[in-house]
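Here are my notes on this one, written as numbered points. Have the structure open while you read, and follow along strand by strand.

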Amino acid sequence: DTGKLAYKVGVTLDRFIKSKQQDFPFATGELSQILRDIALASKIVSREISRAGLSDVTGSFGQTNIQGEEQQKLDVVANVRFTRALTKGGEVCAVVSEEEDLVIDLQNSKGKYVVAIDPLDGSSNIDVNVSIGTIFSIYRRKTPTGSPIQEQDVLQKGSEQVAAGYVLYGSSTMLVYSTGNGANGFTYERSLGEFFLSHPQMQMPADGGIYTINEGLTPYINPNILSYLEGCKRKGASARYIGSLVADFHRNLLKGGIYLYPATSQAPNGKIRLMYEANALAFIAEQVGGAASDGTKRILDIVPENLHQRTPIYIGSKNMVSGLEKALSV
Ligand code: AHG
Ligand code: MN
Ligand code: MN
Ligand code: MN
């Protein structure tokens with residue numbers, strides 16, 4: 001039955017972006033161009049990743065980032081690739097990246113947009129051939145184009161995102177993005193060099209049978225979360241944890257589930273970074289009918305105070321996130 005083997009090479013990402021351009025809040029084509037630039041960089045990164053083990057891109061780069069994490073070579077490669085694509089594209093004036101201590105002013109005097117990016121998510125999985133990702137948020141700058149970048153251009157709430165998305169380098173490479181009218185997923189056809197629409201108008205189940213947490217943290221977290229997890233187990237839920245936020249989120253989006261990275265006694269704000277991890281995925285979650293909370297409020301309502309701040313995060317199926325919030329409020 002060829003119907004069962006249908007090969008989705010119909011609508012390319014480029015064509016899709018173009019057809020949606022009129023939906024954008026400011027339909028000048030600049031945001032479309034940024035999405036294309038990100039897609040291009042992701043193809044290059046996908047190629048580098050697929051050679052891990054053959055070329056010299058695995059292992060440590062020999063430096064630490066501002067989080068005190070040891071940078072992997074691919075963290076640095078991906079950071080360079082995405083930043084370069086956005087610099088050359090000309091529509092972005094500033095980039096916030098996990099791998100850069102400060103805001104990078106791209107010196108694009110016409111750039112109206114600011115991008116926050118986790119160039120390579122799931123660093124610990126690179127060298128062991130497990131799914132990794134890229135996460136991005138796009139904002140409009142607040143101050144006039146061409147003037148020096150101000151704090152208010154960069155420290156915007158997640159609810160101000162004009163677009164956001166992620167790339168998952170998994171069994172295939174996928175790009176999922178939203179401009180605020182639902183979210184769509186595209187799968188990369190490597191030999192054609194194109195992303196094709198494979199997951200139109202994605203929807204996350206309101207409930208799910210998966211809970212996703214680093215169980216090693218449980219001695220250090222709020223016992224109410226443990227009670228919540230006990231409840232999940234009693235309902236027959238399965239534990240799934242990859243350790244790459246993008247991959248864990250994407251699986252739960254498709255199947256239904258909740259991802260938790262709570263505060264711990266050692267890390268009172270948890271681990272996940274607001275500006276370039278939590279916000280983009282929270283935006284996508286809400287667009288597909290899911291939810292994202294820091295335990296008491298929407299992730300998208302958090303007012304950022306610094307580039308690298310962390311937040312506890314509970315993200316996924318709507319009813320599971322509200323159940324978790326309820327458990328925390330007891
Ligand atoms: P990154 O590789 O971009 O630094 O992100 C790592 C994050 C996230 O991808 C993942 O969900 C989480 O760290 C895993 O943390 P633990 O190792 O504490 O489980
Ligand atoms: Mn890191
Ligand atoms: Mn990350
Ligand atoms: Mn990263």
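1. Start with strand β3 (residues 92-97) and strand β5 (residues 113-121): five bridges join them, and they pair in the parallel sense. One spot to look for is S97, which sits opposite I117 of β5. Pairing here takes at least two bridges found by DSSP between two strands. Helices (H or I, at least four residues) and strands (E, at least two) are DSSP runs, and they are numbered from the N terminus.

2. A quick word on the source: this is a predicted model, where local features need pLDDT of at least 70, side-chain atom pairs count only at pLDDT 80 or more, and totals for chains, interfaces and linings use all residues. Residues are numbered from 1 along each chain as its sequence is written, while chains are lettered from A and ligands numbered from 1 in the order in which they are written.

3. Now zoom out to the sheet with β3 and β5 in it: eight strands, open, mixed pairing, in the order β4-β3-β5-β6-β7-β8-β9-β10. Its edges are β4 (104-105) and β10 (194-199), each of which pairs on one side only.

4. What lies across this sheet? Helix α2 (residues 30-50) lies across β3, β5, β6 (132-140), β7 (163-169), β8 (173-178), β9 (183-189) and β10, at about 165° to β6. Helix α6 (residues 245-255) packs on the sheet too, touching β5, β6 and β7, at about 100° to β7. Contact means C-beta atoms, placed from the backbone, within 7 Å; angles run from 0 to 180 degrees between N-to-C directions, with axes fitted to C-alpha atoms, for helices over the stretch in contact.

5. There's another open sheet, with five strands in the order β12-β11-β13-β15-β14 and mixed pairing. β12 (238-239) and β14 (291-293) are the edge strands. β11 (residues 210-212) runs parallel to β12, with two bridges between them; Y211 has A239 as its bridge partner.

6. Helix α8 (residues 318-328) lies across β13 (258-261), β14 and β15 (313-316), at about 25° to β14. Which residues of α8 are buried? They are K318, M320, V321, L324 and A327, where buried means 20 or more other C-beta atoms within 10 Å of the residue's own, all placed from the backbone. The buried residues of α8 pack against α5 (223-234), β13, β14 and β15.

7. Last, ligand 1: the residues around it include E69, D118, D121 and K271. Near means a C-beta atom, placed from the backbone, within 6 Å.

Notes:
Two residues are in contact if their C-beta atoms, placed from the backbone, lie within 7 Å. A residue is buried if 20 or more other C-beta atoms lie within 10 Å of its own, exposed if 12 or fewer, and partly exposed in between; C-beta atoms are placed from the backbone.
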